[in-house]
Amino acid sequence: MCGIIGNLKKNNPIEEIDLELFSRLTNLMRKRGPDNKGSFLSDNKKIYLGHLRLSIIDLSNNASQPMISNSGRYIVSFNGEIYNFLELSKKLEKIDKIQLKSDTKVLVEYISKFGVNKTLKDINGMFAISIYDKQDNKFFLARDYFGKKPIYYHYDNENFFFSSTLSPITENKNIEKKINFKNLQYYFNYGFFPDGLSVYKNIYKVSKNTIVELNLNNW
């Protein structure tokens, strides 16, 4: 179990990521990843990706996240496990085999070689993945077929914010929190929220077996 978090801002020349705020928000998920903490900040300071790591497959720092592909095009931060990463690594002939001991490294290099859509079809596992494509200026969130790993997001005209749990979103001072009473009826009737919904307006849970794509050029 790991924790992923991030914020993407519309190309406003004035507003930048509040790093102090996001360090505090990331720490709210500390129990999900006590072994390591990493972050990525884009050159224009409009994109922040954070990761809290629970080391399981590769215990070395070689598997620290967010992880950048060798090409420099893709940045990946993910929670979960890719069960068939050793099988997929055989299709990455030009990558150092020592690097490919990490399922994260296999994931980011497989995306770099085959693209996001094919990778998400080929991987077998439980996961919540965030992917930033620097070349096409696109961002993706993806969740596994059965929805084993959670991921929530908020989207408005200026910000896209996501995290593994609701607490960083609800504690984010830049996000207005309003109870969605329509959704609350589902909880009272069935004891849970249907896939994709949460207790709040404008805060959603990525549905299982789903890709959320954001084009950063046109928001």
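Visitor: Which residues make the nonpolar surface patch of about 340 Å²?
Guide: That patch is made by Tyr-186, Tyr-190 and Phe-192. Keep in mind that this is a predicted model.

Visitor: Where is the place of Tyr-186?
Guide: Tyr-186 is in helix α6, which covers residues 181–190.

Visitor: Okay, aromatics next. How many aromatic pairs does the structure hold?
Guide: There are twelve aromatic pairs. Take Phe-139 and Phe-160: their ring centres are 5.9 Å apart and the planes sit at 65°, so this pair is edge-to-face.

Visitor: Which strands do Phe-139 and Phe-160 lie in?
Guide: Phe-139 belongs to strand β7 and Phe-160 to strand β9 (residues 159–163), so the pair ties together parts that are 21 residues apart in sequence.

Visitor: Are Phe-139 and Phe-160 buried or exposed?
Guide: Both Phe-139 and Phe-160 are buried.

Visitor: What about the rings of Tyr-187 and Phe-188?
Guide: Their centres are 6.4 Å apart with the planes at 65°, so Tyr-187 and Phe-188 are an edge-to-face pair too. Tyr-187 is partly exposed, with a relative accessible area of 40%, while Phe-188 counts as exposed because its relative accessibility is 63%.

Visitor: Let's go inside. What is in the largest nonpolar core?
Guide: It has 22 residues, and Val-76, Ile-123, Ile-129 and Ile-131 have the most contacts inside it. Elements giving two or more residues include β5 (74–82), α4 (116–122) and β6 (125–133).

Visitor: Which element gives the most to this core?
Guide: That would be α3, with five residues.

Visitor: What does Ile-123 touch?
Guide: Leaving out residues up to four places away in sequence, Ile-123 touches Ile-82, Asn-84, Leu-88, Leu-107 and Ile-129.

Visitor: What is in the second, separate core?
Guide: That core has 19 residues, among them Phe-40, Leu-49, Ile-151 and Val-206.

Visitor: Big picture, then: how many helices and strands are in the chain?
Guide: Six helices and eleven strands. Of the 219 residues in the chain, 49% are buried. The chain exposes about 11300 Å², with carbon and sulfur atoms supplying 48% of that area.

Technical notes
Residues numbered from 1 in each chain as written. Predicted model: local features only at pLDDT ≥ 70, side-chain atom pairs only at ≥ 80, totals over all residues. Heavy atoms only, no water. Helix = DSSP H or I, 4+ residues; strand = E, 2+ residues; numbered from the N terminus. Buried < 20%, exposed > 50% of the residue type's maximum accessible area, 1.4 Å probe, protein only. Areas by Shrake-Rupley, 256 points an atom, 1.4 Å probe, with all protein chains shown as cover. Core = buried A, V, L, I, M, F, W, Y, C linked by side-chain atoms within 4.5 Å. Contact = heavy atoms within 4.5 Å. Patch = residues over 30% accessible without salt bridge, like charges linked within 9 Å, V, L, I, M, F, W, Y side chains within 5 Å. Salt bridge = Lys/Arg side-chain N within 4 Å of Asp/Glu carboxyl O. Phe/Tyr/Trp six-rings, centres within 6.5 Å; stacked < 30°, edge-to-face > 60°.
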